[in-house]
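Biologist: I'm new to this one, and I'd like to learn how to read it piece by piece. Could you walk me through it?

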Amino acid sequence: MSEIPLVQLLTPEGERVTHPEYESTLGKDEIFGMHRDMTIIRRLCNEATSLQRQGQLALWAPLQGQEAAQIGAGRALQPMDFTFPSYREHGIAWCRGIPPEKWLRLFRAVDHGGWDPQQYRHSVPTIVIGNQALNAVGYAMGVQRDGAEEATMVFFGDGATSEGDVNEAFVWAGSFDAPIVFFVQNNQWAISEPTVRQSKIPLYRRAEGFGFPGIRVDGNDVLAVHEVTKRALAHAREGGGPTLIEAFTYRMGAHTTSDDPTRYRIDADVEVWKHRDPLERVKAYLVRQHQVPASEFDATSAEADALAAKLREDVLAMDSPDPLSIFEYAYADVHPLIEEGKRDMIELGVGGGAH
Amino acid sequence: MWKVAVGDTIALNQPLIDIETAKATVELPSPYAGVVTKLHGEVGDVVPVGAPLIEIEVGGGDAAPLATPAEPATTPQGEGRTAVLVGYGVATNEGAPTRHRRRGGAVAPAPAPPAPITSTAPALAPRSTPPVRLYAKQHGIDIESIQGTGRDGLITRSDVERVVSGGTPRARSAPAAPTGVTRFVGHELAPWESGPKEERIPVRGVLRSMADAMVQSAFSAPHAAAWVRVDASKSVELLSALKSRPSMANVRLSPLTLVALALCDAARHFPGINSRFDDAAGEVIVRRSVALGIAADTPRGLIVPNIKDADTLDLVGMADALTTLVEKARAGTTTPNEMIGTTLTITNVGPFGIDGAMPILPPGTSAIVAVGQIAKAPWVVDDEVVVRHVVEIAMSFDHRCIDGALASSVLAHVGRFLNDPAPALLAR
């Protein structure tokens, strides 16, 4: 994969390998559960892509190829932890128990978020690249001041590491030993810009300059991601400060449904990464080591299909929001300018239950 | 490309067709399971947003006839009716595509077939911006009655102001022609649907010159061609490195700059390529100065202005000369003197996404080089397949005076230059 050290516990061929510092203690059922999670989010993601093509969603950001990075990280979280996603973290949303149709509300443009962040301990998707890193560090510093034993985890892509926000977040987190885990999914492409153009050194090594540890993990190895994340979260909860985890993975599809990756990258790269598929290696391992029968995988696929059908049904049945709801949720308290805007809209005859 | 045919039974989300939009080529999955009853449009057609693409009979039998006028949009799915799939939602009588329907009596209503779209019925609401809509409303003007002059027919504030200040409200004309190459021999062609069945365009001006020159050349000079594929990765790197230098900020460097320098360099090494076969005089004229012709696609048609004494130019000089040449060609300010005396020509087909071409010689010249696109491609280096930036250089030449050996030497020289431009540039 590369000469740069990275933590791997399960090879692309599905062989368990050892690492001097990290070892997974997960048993067959837990690993099968992760395969199920990955199967379901891949299936739901494909359904969402179809819905966009069919004019039912304005946009969709596919996660295919990054299932292990997200499920491995998502399953390492504890209920009290708080997470800040970008807009591709559908797998994290799944792990946090957010119903899939809520993920799509933003992309159908019927909602500015989709869910109550407090209810699920998961912030709403952030479209502005890297901005959530600052929000997350601020949150983590609050947790630190409350003396609570919980970790904050923030997700972003390799492109975000070129943003000022993320670097500022690193500075603050490093200076204050904030209880946070920075999780960068290096999927090799910031839309059409390759990672190698964005950083002269591997991304995980950036952490050193900010004064906290960084580690690269095989982002397509759900066991390794789980173990590395689990340890970083515990480190944060115990007051050890931040960690930067670079999940080395690959975006198999387009950046979003508005993108055509064949314009800037070659099929050969994609072919190479197909052999590193995050689901296939887990399946190979479960079949070979634990003799999991094909019928169990078929049952997972059927479950995923049923969830996809339900998702489609839910999306098609979504109500259009009251246009005036655009003024809600921006501020906790009444804000005079927001109120003025709302009054103007009403005068123009927009919204207000007229539909 | 259609992936289904009429009569096919298709599943939900089965790929139907590849659609090319301004940004991407995408595969369209079927929103319905059923039987394909009609395909709208052929491969290569430009289909307006909102126009039907395909008709699918869903559910049981008893299908509605194909061209049924719009039914109520709340007709439940599964009663055996024709669903119409469109690019981004369904055009309705109200104008704007209805994207979100409020939950009615029926679950997940299937979009009704739109009323037949004709060239006079706009498929979409007039495009404008909220402040302009408000401005129009405040002045009691129906925005639908205004013809937009902004980009893609956008109705701008000044459009509304014109109506406010006494102009008559103008009816919306037919939707804008589908985007595509509608320019032909210097004329803007009417859309396929609305243009005459047969159209006659007088042959004059640039078109006349192009036709005469090509005929004269094609039927007097026996054309032969040769081509070479070159690993131009170092050229790409060099250009990229140079472009990032502040001192080069105002210089427009492109692969064409290097090809032009390479060809001039080749002419210095092999002057025979810079010759002209004069049949009437019974002479071949060798010239030791390059007037480098550049085939330029202009709004008026194809013209080939040249850069005099191009062989004396350095990198920046060549880049500037090319920039000036192209700007003048586009602006239509090329002088007659800049059009005569060409000794060698380059036609740059790369920007069209083309790998190569076999061009016809401009009269009075013996070689023309076609430069293809520079694209990443597998390339063998030390028995390993690696990804390199590869370009194809093709040359047509007048076989009366230039033989295959000379042509090959010149091409190979150009190829070597592009393969490793730095030494060649420094040697000059």
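Modeller: Happy to. Let's begin in chain B with strand S17, residues 367–371, which is mostly covered: five of its five residues are buried. Keep in mind that this is a predicted model.

Biologist: Which residues of S17(B) point one way and which the other?

Modeller: The general idea first: in a regular strand the side chains alternate between the two faces of the sheet. Here, B:Ala367, B:Val369 and B:Val371 point one way, B:Ile368 and B:Ala370 point the other way, and all are buried.

Biologist: And how do I read the strands beside it?

Modeller: Strands of a sheet pair through backbone hydrogen bonds, either parallel or antiparallel. S17(B) gives you both cases. Strand S16 (residues 344–348) of chain B runs parallel to S17(B), joined to it by four bridges. With strand S19 (residues 384–398) of chain B, the pairing of S17(B) is antiparallel, over five bridges.

Biologist: Which residues are partners there? I'd like to find B:Asn348 and B:Val369.

Modeller: B:Asn348 has B:Val371 in S17(B) as its bridge partner. B:Val369 sits opposite B:Met395 in S19(B).

Biologist: Is S16(B) largely enclosed or in the open, and why?

Modeller: Largely enclosed by the rest of the structure, because five of its five residues are buried. Both of its faces are covered, with B:Leu344, B:Ile346 and B:Asn348 on one side and B:Thr345 and B:Thr347 on the other. S16(B) also has strand S12 (residues 292–294) of chain B running parallel to it, through three bridges. One pair to look for is B:Gly293 with B:Thr345 in S16(B).

Biologist: How many helices and strands does chain B have?

Modeller: Eight helices and 19 strands. Of the 428 residues in chain B, 29% are buried. If you take contacts with a separation of 6 or more, residues 24 or more positions apart account for 59% of them in chain B.

Biologist: Let's move to chain A. In what order do the strands of its open sheet come?

Modeller: The five strands go S1-S2-S3-S7-S6, with parallel pairing. At the edges are S1 (82–84) and S6 (214–218), each pairing on one side only. From one strand to the next, the twist averages 20°.

Biologist: Can you zoom in on one pair?

Modeller: Take S2 (residues 152–157) and S3 (residues 180–186) of chain A, which pair in the parallel sense over six bridges. A:Gly157 has A:Gln185 in S3(A) as its bridge partner. Then look for helix H6 (residues 131–146) of chain A, which lies across S1, S2 and S3 of chain A and runs at about 170° to S2(A).

Biologist: What about two helices that meet? At roughly what angle do the axes of H4(A) and H12(A) cross?

Modeller: Helix H4 (residues 100–107) and helix H12 (residues 294–316) of chain A cross at roughly 45°, and their axes come within 10 Å. The two are therefore oblique to each other. Their crossing is right-handed. H4(A) makes the contact with A:Pro100, A:Glu101 and A:Leu104, while H12(A) uses A:Leu307, A:Leu311, A:Asp314 and A:Val315.

Biologist: How would I judge whether a helix is covered?

Modeller: Start with what helices do in general: an α-helix has 3.6 residues a turn, so residues three or four places apart point the same way. Now compare two cases. Helix H2 (residues 67–74) of chain A is mostly covered, with eight of its eight residues buried. Its cover includes helix H1 (28–53), helix H3 (90–95), S3, H9, strand S7 (243–248) and helix H11 (278–290) of chain A. For H13(A), the number buried is zero out of twelve residues, so that helix lies largely in the open.

Biologist: How far does H13(A) reach from its first C-alpha to its last?

Modeller: H13(A), residues 336–347, reaches 16 Å, close to the 16 Å expected at 1.5 Å a residue. After H13(A) comes A:Gly349, with a positive phi near 80°.

Methods: Residues are numbered from 1 along each chain as its sequence is written. Chains are lettered from A and ligands numbered from 1 in the order in which they are written. This is a predicted model: local features need pLDDT of at least 70, side-chain atom pairs count only at pLDDT 80 or more; totals for chains, interfaces and linings use all residues. The expected span of a helix is 1.5 Å times one less than its number of residues. A residue is buried if 20 or more other C-beta atoms lie within 10 Å of its own, exposed if 12 or fewer, and partly exposed in between; C-beta atoms are placed from the backbone. Two strands pair if DSSP finds at least two bridges between them. Axes are lines fitted to C-alpha atoms, for helices over the stretch in contact, and angles run from 0 to 180 degrees between N-to-C directions. Two residues are in contact if their C-beta atoms, placed from the backbone, lie within 7 Å. Angles under 35 degrees count as roughly parallel, over 145 as roughly antiparallel, 65 to 115 as roughly perpendicular and the rest as oblique. A crossing is left-handed if the near helix is turned anticlockwise from the far one by less than a right angle, and right-handed if clockwise.
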